[in-house]
Amino acid sequence: MRALFLAVFALVLAACGGSSGAADGPDRDRFGYRVGSDPNRETMLIRPLSDSTRYLVYPAVVDSIAVRPAGRPLPGDGVAVEVLVQGALPDACAELTDVTQRRDSQFVTVDLTMRQPRETVCAAVVRPFRFYLMLDGSYPAGSYLLRLNGKTVPFQVLPARTVEGGSDAG
């Protein structure tokens, strides 16, 4: 069973290719700009509770996930990894509330939750969102698997390509 999983994982990684972390081209098309670039999706932040309101907490509804190294890998060092989560909040009162991360070797698990005030009437309007998340820690070159709210996405951090003298050819 494990061999089958690893074979499927390798095929998915081969089909996905690597991500360069560049600020232009296809990566920009997937990640967009932080604020104001997509009139259909609000860039959300997690806000701490500011009052004594009681909330119901649920897993956030996630539509898509994109992962990329946040910088070019350096020989022998890891890089930070950034995740773009796109989803939708179910009403006018819902908001993102918390994110937790766990990492076990090449496997990363992220839980993103939303909250809704109890005993409050809210307009039933779907509100698409974008949420940017930096994964904890450093990621050396290799293949990884991210599981976020039940969705699984493989990603790869490519090794740095160097030319004679140690400069980046990238």
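Start with the surface. The accessible surface of the chain is about 10100 Å². Of that, 56% belongs to carbon and sulfur atoms. Of the chain's 170 residues, 32% are buried.

Keep one thing in mind: this is a predicted model. How confident is the predictor, on the mean pLDDT of the chain? That mean is 76. Residues that reach 70 or more make up 65% of the chain.

Two stretches need care. Over residues 1-29, pLDDT stays under 50. For that stretch the model has 27 contacts beyond four places in sequence. Over residues 166-170, pLDDT again stays under 50. There the model has seven such contacts, beyond four places in sequence.

Now the layout. The chain has two helices and nine strands. What is the order from the N terminus? The elements run α-α-β-β-β-β-β-β-β-β-β. So much for the list of elements.

Next, contacts. Take those between residues at least 6 apart in sequence. Of these, 72% join residues at least 24 apart.

On to the core. In general, nonpolar side chains in soluble globular proteins tend to be buried together. Here, the largest nonpolar core has 27 residues. Which of them touch the most other members? Val83, Leu96, Leu135 and Phe155 do. Several strands each supply at least two residues of this core: S3 (61-69), S4, S6, S7, S8 (142-148) and S9 (151-157).

Last topic, the disulfide. How many does the structure hold? One. Cys93 and Cys122 form it, with their sulfur atoms 2.0 Å apart. Where do the two cysteines sit? Cys93 is in the loop between strand S4 (81-89) and strand S5 (95-104). Cys122 is in the loop between strand S6 (107-117) and strand S7 (127-134). They are 29 residues apart, and the pair links distant parts of the chain.

What about handedness? The torsion about the S-S bond of Cys93 and Cys122 is about -105°, so the disulfide is left-handed.

One more point on Cys93: is it buried, exposed or partly exposed? Its relative accessibility is 24%. Buried means under 20%, and exposed means over 50%. Cys93 therefore counts as partly exposed.

To recap: two helices, nine strands, one disulfide, and a largest nonpolar core of 27 residues. When you look at the model, remember the stretches under 50: residues 1-29 and residues 166-170.

Key
Residues are numbered from 1 along each chain as its sequence is written. This is a predicted model: local features need pLDDT of at least 70, side-chain atom pairs count only at pLDDT 80 or more; totals for chains, interfaces and linings use all residues. Side-chain values use heavy atoms; hydrogens and water are left out. A disulfide is a pair of cysteine sulfur atoms within 2.5 Å. Helices (H or I, at least four residues) and strands (E, at least two) are DSSP runs, numbered from the N terminus. Buried means under 20% relative accessible area, exposed over 50%, partly exposed in between (1.4 Å probe, protein chains only). A nonpolar core is a set of buried Ala, Val, Leu, Ile, Met, Phe, Trp, Tyr and Cys residues joined through side-chain atoms within 4.5 Å. pLDDT is the predictor's confidence in each residue, from 0 to 100. Contact means heavy atoms within 4.5 Å. Accessible areas come from the Shrake-Rupley method with a 1.4 Å probe; for residues, only the protein chains shown count as cover.
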